[in-house]
Amino acid sequence: MAGGMLAQTPLTYLTRLLGWRHAVMLNASLGIFVTAAIFLWVKDFPRGAEKTRAREKAHLKALGFVRSITLALRNKQNWLAGVYANFLSFPVVILGASWGSLYLMHVRHLTHLQTSYVTSMIFFGMIFGAPMLGWLSDTIAYRKMPMIVGAFLTFILIMLIMYLPGLHIPSLMALFFVLGFLAGIQVLAYPVVVESNSRTITNTAEG
C-alpha cells in the first residue's frame, strides 16, 4: 500500500523533476533493492519450526500435486473467499491504480496533480484499515459479519463518491481514505481460507 501511495503524488513530482525515463529507472532501482531485501531477510519459516515444516512437506509430497489441487478446488469456502477478495479489491485497483485519475479529471475537473492527492488516499486508508479491521475480527472472533458489513459500507462509499454533487479536494480525499479503510476488510478472506483448509495445503488454497 505504501508502494501504491508512492506511485501517486511522489511519482508525479519525480516525473516532472527528472522526466519519465529517469523516474522509471529510479523506480526499477528501488525494485532491485526490495528484491535484495526479501532475499536477505524474509524466511520460509520461523526458527524452531524445522520439524513441523519437514512433516508438512512430507505430507504434501504424499498427497501429490493433483490431490492437493483437487482438495483446494472442492472447498467452497476457497471460492467464496476468492470472489470476495477480488470484488473488494476493485475499488483499490480501479479508483486507485487504473481509472481514478481520469475519472476525477473528467467528472470532478481536477488537475492531474490534484487527482494524485485524492487517489493516494485509498492506499493510505488501506494501510490503517486492513490491520485494524483484521484485529477487530480477531478480537470478536468473527469473520462473516465484519466481511458483510465492510462490503456493504464499501458499496455505500462508492455510491457517495459517484453521485454526491459539489465534492471538492478535501471531501474527495476524506471519502477516498474511508473507502480504502473499509476496503481493507478484504484481508479477512485470507484467514478464512487458512482456517477452512488443512495446514498442508494452505498455500495451494490461497493461490
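The largest pocket has a lining of 14 residues, and R53, E56, R199, T200 and N203 lie nearest its centre. A pocket here is an open set of points on a 1 Å grid over the protein atoms alone, where a 1.4 Å probe fits, with protein on both sides within 12 Å along at least five of seven lines; lining residues have an atom within 4 Å of a point. The space in the largest pocket comes to about 370 Å³, the volume being that filled by probe spheres set on the points. Helix α4 (50-63) gives the largest share of the lining, 5 residues, and α4 and α12 (202-206) each supply at least two. Helices are DSSP runs of H or I with at least four residues, numbered from the N terminus.

The model is predicted: local features need pLDDT of at least 70 and side-chain atom pairs count only at pLDDT 80 or more, whereas totals for chains, interfaces and linings use all residues. Residues are numbered from 1 along each chain as its sequence is written, and side-chain values use heavy atoms, with hydrogens and water left out. The pLDDT, the predictor's confidence in each residue from 0 to 100, averages 91 over the protein, and 100% of the residues score at least 70. Among the elements, α10 has the highest mean (95) and helix α1 (residues 2-6) the lowest (81).

Turning to the aromatic side chains, the structure holds 5 pairs. Rings of Phe, Tyr and Trp (its six-membered ring) pair if their centres lie within 6.5 Å; planes under 30 degrees apart are stacked, over 60 edge-to-face, and the rest tilted. One of these pairs, F124 with F177, is tilted, at 5.7 Å centre to centre and 55 degrees between the planes. This pair links distant parts of the chain, as F124 sits in helix α8 (residues 112-140) and F177 in helix α10 (residues 169-183), 53 residues apart. F124 is partly exposed, with a relative accessible area of 30%, and F177 is partly exposed at 25%; the term covers values between buried (under 20%) and exposed (over 50%), with a 1.4 Å probe and protein chains only. F177 also forms a tilted pair with F181, at 6.5 Å and 35 degrees. These two residues of α10 are 4 residues apart, about one turn of the helix. Together, F124, F128, F177 and F181 make up one aromatic cluster.

Helix α7 (residues 100-107) has G100, S101 and L104 buried. Its buried residues fall within an arc of 100 degrees seen down the axis, so they line one face of the helix; the arc is that of the directions from the helix axis to the C-beta atoms. They pack against α6 (76-98), α8 and α10, contact meaning heavy atoms within 4.5 Å. Just after α7, H109 adopts a positive phi of about 60 degrees.
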